[in-house]
Amino acid sequence: MSHHIKIHVENDTLILRGSPEESVGCVLRGCVIMNTKETMKVKSITLNLSGRMRVQWNERNHQHKKEMTVLDHNWTFLVNQKKLHSLAPNVYKYPFEYILPGNLAESIDSNSYGSLSYKLKIIVDRPAFLPNLIDRQLLRVIRQYTPSYHMSNIPMQISNEWADKIDYRITIPKKIYSRGEQIPIELSLVPKPNSGLHVRYLSCFLKEYTSFVLGSTAAMHTESRIVRFFRDETFPSTGLHWHKTEIMSVPHSFASVQCDTHNQFFKVEHKLKFTMSLINKQGDLSELRASIPVEIVNEKFESQDDENELPTYENAWRSALYSPLPYLDASPYSPADESSPITPSSTEPGDYFAYRPTTATSSANNESSFSCGILPSYHSIMITAPDYELPSYQ
């Protein structure tokens, strides 16, 4: 005996275009394919979409841990009832869709202080002593900003006098950088006459600060980590003007650097921090310290005509349910038969991503309400064996 179940998604990386205030969101599409080799008794079939945030930190030799659910949505493909469902040997398809809001918090890869992850989990609940069928699919939610956001970029500069001994200026050409991009850092120093100083080394850090909201008290806990570091032991320190351009490379991988963001659950910020070690003629050591804020984004915004562009909120209402196997759609079942409009609902506390169906009125002249922007209800389709009754969870 062998049964198989698999979650297929149109895209496991979900892109939110624009800031949380302006983004229209995006659509998660997929379907569950179940292949039964022989008749199978089933109690229920359910799919769960979850987003969970985990935070951990050490304080006074005590480890603190917090967990929070940021997203929870369920589909029931076969409802639990007194009588078991009997599924004949066949291939079953259960499509699903979900509209992710534009202000959804982005994913954070697991690291030393926490994570925020999204996951799909399908469970075929079977009678006692029979193993359940389970499959999981990890999802990544990222944000990509619009051209207007990048156009607001301006050079960043700090200048000051240090200890009445050196005038310094540190400049970067812009504030916003993408993953994998290089940051040119121009350092210019003018020592005071007879300062007698010499540079031992220059250290530069790209540092990430993450602040999490802890529970209903809205208390914040901030952790930091060094994302990238270099040390220059050949920085010039002769003559009247010390000048050099250094290069800091932003990591490319998701695990190495998290993009800047600010949402209801956490805030991520980045800074370039500098430490210059100096020594005078008497051998006394001192340090010049400075920092510049920078923003890290996923990548520069591409044209809306990009072939990988996910549908906008409005277009998603008119799109067909996703199928990884097009030939499985050759079914006499018409999704328009049971379609109903979907409208936002905030009636359930804590479920601010909920949607509920409202009463639909169909017209005899409307051959396909589906093409007029009405999203079909979730349904199950059995392929082949046309004389077999379609399983339903309505």
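Glu161 counts as partly exposed at 36% relative accessibility, where buried means under 20% relative accessible area, exposed over 50% and partly exposed in between (1.4 Å probe, protein chains only). The model is predicted, so that local features need pLDDT of at least 70 and side-chain atom pairs count only at pLDDT 80 or more, while totals for chains, interfaces and linings use all residues. Residues are numbered from 1 along each chain as its sequence is written, and side-chain values use heavy atoms, with hydrogens and water left out.

The structure holds 15 salt bridges, each defined as a side-chain nitrogen of Lys or Arg within 4 Å of a carboxyl oxygen of Asp or Glu. Some of them are listed here.

| Salt bridge | N to O distance |
|---|---|
| Lys192 and Glu161 | 2.8 Å |
| Lys192 and Asp167 | 3.3 Å |
| Arg231 and Glu233 | 3.0 Å |

Strands (E, at least two residues) are DSSP runs, numbered from the N terminus. Lys192 is partly exposed at 26% relative accessibility, as is Asp167 at 31%. Arg231, at 42%, counts as partly exposed, whereas Glu233 is exposed at 52%. A network of salt bridges also links Glu10, Arg29 and Glu97.

Arg17, in strand S2 (residues 13-17), counts as buried at 13% relative accessibility. Its side chain makes a polar contact of 3.4 Å with the side chain of Gln144; such a contact is a pair of N or O atoms within 3.5 Å, one able to donate a hydrogen and the other to accept it within protein, and residues adjacent in sequence count only if both atoms are side-chain atoms.

Definitions and conventions: Helices (H or I, at least four residues) and strands (E, at least two) are DSSP runs, numbered from the N terminus.
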